[in-house]
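Biologist: I am new to this entry and would like to go through it in short questions. Please show it first.

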Amino acid sequence: HAQQVEQVDTEPTLATLQKYSEKGADTCLKCHDEDSEFPVLNIFKTKHAMAADTRTPFGGLQCESCHGPAVNNEWMQGDQPEDGHTVNKVKDGEQRPPMLNFGLKSKQPVAAQNRMCLGCHQGNTHIGWQGSQHENSDISCASCHKIHTPHDPVLDRVKQPEVCYQCHQQQRAEFYKPSTHPLRFGQLSCSDCHASHGSAGSTLLNKPTLNQTCFSCHAEKRGPFLWEHAPAAEDCSLCHTPHGSIHPALLKKRAPLLCQQCHSQRGHPSVALTASGLTGSNPSRLLLLGSCTNCHSQVHGSNHPSGVKMMR
Amino acid sequence: DIPEDVDTSRWNCKNCEFEEGLSGSFSLGLGTVSDESFKFGEYNALYQDGAFPIADAELRYRGEEADYLNLKLQDLALDSRVLEIDGGQQGNYRLMLNYQQLSHAISNSAQTPYRGSGSDTLVLPAGWVDAGATSGMTQLDASLRDLELKTQRNRLEFGAAYIPHSEWETALKVRQEIREGSKRSTGSFFFNSAQLIEPVDYVTNELDVSATYTTREWQSRVAYYASVFTNHNESLSWDNAYNPLTAGADEGQLALPPDNQFHQLQFSTGYQMSRATRFNAELAVGRMEQDEDLLAASLNPNRVVLLPRTSANAQVDTTTLNLQMNSRISEQLNVKAAYRYNDHDNQTPSELFDWITTDTFSAVARTNLPYSFTDNELDLSADYRFSQRTKLSAGYQHKIKQRTNQEVDETSEDSLWGKLSYRSDNDIDWLIKAEHAQRDASGYNLVAQTDPSQSLLMRKYNLADRVREAGSISASFNPNESSTLSLSVDLAQDDYSDSLVGLTESNEIHYNLDSSFILSESTSLHDFAGREVIKSHQAGSQTFSVADWFALNRDTTDSFGVGLKHLLMENKLELGADLVLMHARGEIRIENTANFPDLETNLETLKFYASYQLRENMTVNAAYWYERYDAKDWALDNIDVDTLSSVIGFGETVPDYSVQALMVSLRYKF
């Protein structure tokens with residue numbers, strides 16, 4: 001969920017944190033064991049706690065790499081903290097010194113939380129994060145990612161959609177429709193098509209264009225064909241909807257009306273096909289079964305020399 | 001890296017429970033499905049009734065030197081099996097091997113008189129009697145054979161990544177997907193047609209190579225992507241089951257998807273120009289190629305024509321460029337400017353083709369039209385944060401799309417949008433969005449080559465003048481990290497009021513409610529409910545003059561779900577239940593004519609699951625799944641193989657199932 005940005009007091013108080021704890025992670029783990037309100041020990045089953053990989057928090061400043069006054073604070077705060085406070089065990093009645101924490105209830109600005117993650121995760125597929133729709137909507141990294149767990153749900157093909165549905169509720173409902181991509185059963189996940197950390201297009205797609213994204217699984221429709229169907233070459237979403245439809249093949253509506261939105265040629269394409277063409281005395285081949293595709297089956301384009309009308 | 005002035009001599013990390021050595025789990029069990037249903041098992045591989053083994057496994061190894069290995073095996077006994085191996089030394093190199101099967105059960109109620117289903121040649125059985133209409137095909141009933149339509153994708157992927165230096169990362173991915181099976185198609189001889197089984201025997205090979213350079217200020221990535229598609233069948237031919245309309249029209253041939261390739265070089269970069277300003281750019285240059293040998297214009301020996309070339313020689317060059325500048329001018333004000341360019345340049349030669357319509361009649365020669373598109377788009381937007389609780393955003397977009405060989409050379413669209421996010425005193429997050437856009441076409445001129453020509457009044461909706469209004473409002477409340485309540489309404493309306501024939505209006509509205517609550521330390525509840533209405537109006541002209549028929553489409557989908565999770569016996573027993581109901585209704589009305597019956601779909605799905613920890617390392621998992629589905633679809637209901645006089649159908653039934661599945665497994669952890 002988008003978080004409201006809370007900027008009051010956070011930066012000045014953070015700036016009062018002035019050096020690292022004397023005993024590193026041991027300081028934190030005295031309290032944050034499995035029985036605490038905020039258990040953290042599962043971090044040791046994650047990539048972040050790989051001490052031999054010096055890029056990771058536990059190859060460096062341990063818990064304080066992310067939560068404490070780290071070199072990243074300079075990036076985050078603009079000023080290097082001076083000397084002073086030590087993060088130690090909080091005694092009874094003593095207030096915890098402010099520290100950078102993450103997630104929905106964090107008091108730190110979303111941008112400050114994210115800058116900490118971006119300190120290491122700014123390359124590769126995250127290059128486009130800044131200025132992306134999610135960044136622009138004040139989504140923090142921790143809105144979607146869980147760090148202190150061996151299996152971050154958003155990185156699991158089966159569990160990922162539930163994370164996305166927290167905000168994208170309309171899409172959850174769409175995936176229960178009769179015609180859909182197989183997210184419900186874990187065969188696909190949102191990130192098979194979408195780049196949640198930013199991409200060029202309007203809907204955060206993995207590939208530079210919508211059709212390229214579709215062709216990565218449907219390469220047989222890529223062509224280019226000798227006889228192209230203009231809308232298919234231009235934009236799959238002119239006829240199809242990606243998440244779910246009550247019509248077969250994820251179509252936006254039924255043929256013949258789907259086709260008649262663009263085809264009004266003299267003769268059978270322009271005829272109103274009414275309910276009188278349903279079963280009964282005169283069932284219509286233009287209306288039933290595949291309707292127009294009963295004859296014009298090559299709607300994605302044809303490579304047959306006689307395929308101009310998508311019938312070969 | 002640890003800064004030099006930090007004293008870490010006492011950072012012993014003695015409480016750090018680093019994972020080391022081998023661990024893992026495996027599950028073995030049995031499941032059973034009560035009924036065969038290709039719709040229930042459309043994608044989950046449970047399309048057959050009867051028992052199936054459950055076999056899953058996971059293995060993890062963590063070494064002291066950041067070396068690691070993950071192994072995952074899932075659904076070993078089903079057509080949806082997954083194998084994932086991922087290992088290496090973190091921070092240095094990584095090797096991956098993945099295998100995934102995706103099954104798509106399409107239909108098990110189809111019948112056909114054709115022999116050779118699954119191959120590229122469909123023949124009628126000996127003794128077949130041609131007729132002018134299906135009712136006269138005396139051998140049809142006796143010739144029918146049951147069919148199963150199903151495709152299966154088997155994907156094998158190898159990946160490797162190597163980090164030669166902390167600022168560099170290189171990666172390679174090679175994937176092969178074999179897709180086999182059969183799917184629906186149709187083939188016709190003029191107006192007489194038959195539903196046909198199209199063979200699917202595809203191989204897609206993909207290659208992805210990338211190198212990334214990352215420093216704090218500057219990040220860049222260069223990548224090469226190749227996708228090579230091969231279809232082992234170039235055509236599908238079938239016997240004409242009808243009396244030939246001209247002599248020699250005895251066999252038809254469809255071109256199947258041609259072998260093709262796509263290659264693309266992509267460069268992305270991000271540069272932090274200052275603390276406040278960032279520049280991003282992405283350039284992708286690609287080429288789509290397809291040069292399959294062309295089939296004969298007809299299999300009819302009496303209809304032979306000379307083709308202007310022997311292969312497709314089709315090529316499209318693609319270029320996309322995106323430039324974006326984002327600057328936080330002050331703590332309150334953020335501005336963004338973006339330019340997007342997308343070019344789809346179809347280089348396929350345009351030539352005059354003599355052709356034969358449906359292997360039957362000679363036709364007037366036609367020219368193939370290679371369609372090209374070019375988009376230019378400018379986006380400007382700004383966010384202003386009035387206070388910590390209130391942010392206002394607004395933007396302007398100008399988009400020009402140019403097309404070749406179509407009715408409109410250029411459309412130009414201007415959009416304005418605004419967004420207000422506000423947190424009220426009671427900590428409810430409100431989000432209100434509104435958009436207005438207007439698209440104008442440069443002029444609508446019929447494409448001369450279209451034959452027969454379109455109605456002069458037709459305005460294809462992707463080319464037409466359009467006014468779009470969209471808006472949404474949502475409220476969400478998070479009493480704590482694990483509880484949330486949110487409500488939203490989204491609506492959009494597209495008005496094509498200058499279109500007299502074609503799509504004239506379309507709109508949609510979505511209502512959604514979603515909540516999850518921690519009811520007690522051991523009980524949580526989540527639920528959702530939604531309604532979606534998608535409506536459109538269109539007009540046609542069967543007299544080929546003024547618009548004389550008007551149609552309405554309205555699709556309404558209601559969905560509701562509720563789930564409960566409860567922990568008992570000191571968290572050793574977890575019980576859960578999930579119920580989802582979905583009802584969809586599709587209405588089609590053509591003014592002044594009798595109503596179409598509604599298209600309807602009902603889905604009820606209920607899952608109970610339990611997990612009991614027998615011992616520290618052993619858990620019993622059980623799940624019961626009940627799913628009921630029924631649908632009404634006038635396009636298929638009661639349409640038998642010979643109901644239509646000029647289409648030999650598959651005689652398929654609309655999916656209607658009630659399936660129960662039970663799964664019990666024992667998970668052992670080590």
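Predicted model: local features only at pLDDT ≥ 70, side-chain atom pairs only at ≥ 80, totals over all residues.

Biologist: Is Cys63(A) buried or partly exposed?
Modeller: The sulfur of Cys63(A) is 3.8 Å from that of Cys28(A), too far for a bond. Buried means under 20% relative accessible area. Cys63(A) has 15% relative accessibility, so the residue counts as buried.

Biologist: Is the disulfide of Cys13(B) and Cys16(B) left-handed or right-handed?
Modeller: The sulfur atoms of Cys13(B) and Cys16(B) are 1.9 Å apart and form a disulfide. Over all chains, the structure holds 1 disulfide, and both of these cysteines are buried. The torsion about their S-S bond is about -75 degrees, so the disulfide is left-handed.

Biologist: Which strand of chain B holds Leu95(B)?
Modeller: Leu95(B) is partly exposed, with a relative accessible area of 41%. Together with residues including Tyr93(B) and Phe158(B), Leu95(B) makes a nonpolar surface patch of about 730 Å². Strands E5, E7 and E8 of chain B each supply at least two residues of the patch, and the strand that holds Leu95(B) is E5.

Biologist: What percentage of the residues of chain A count as buried?
Modeller: Chain A has 12 helices and 2 strands. Of the 312 residues in chain A, the buried share is 55%.

Conventions: Residues numbered from 1 in each chain as written. Chains lettered and ligands numbered in written order. Heavy atoms only, no water. Patch = residues over 30% accessible without salt bridge, like charges linked within 9 Å, V, L, I, M, F, W, Y side chains within 5 Å. Areas by Shrake-Rupley, 256 points an atom, 1.4 Å probe, with all protein chains shown as cover. Salt bridge = Lys/Arg side-chain N within 4 Å of Asp/Glu carboxyl O. Helix = DSSP H or I, 4+ residues; strand = E, 2+ residues; numbered from the N terminus. Buried < 20%, exposed > 50% of the residue type's maximum accessible area, 1.4 Å probe, protein only. Disulfide = S-S within 2.5 Å.
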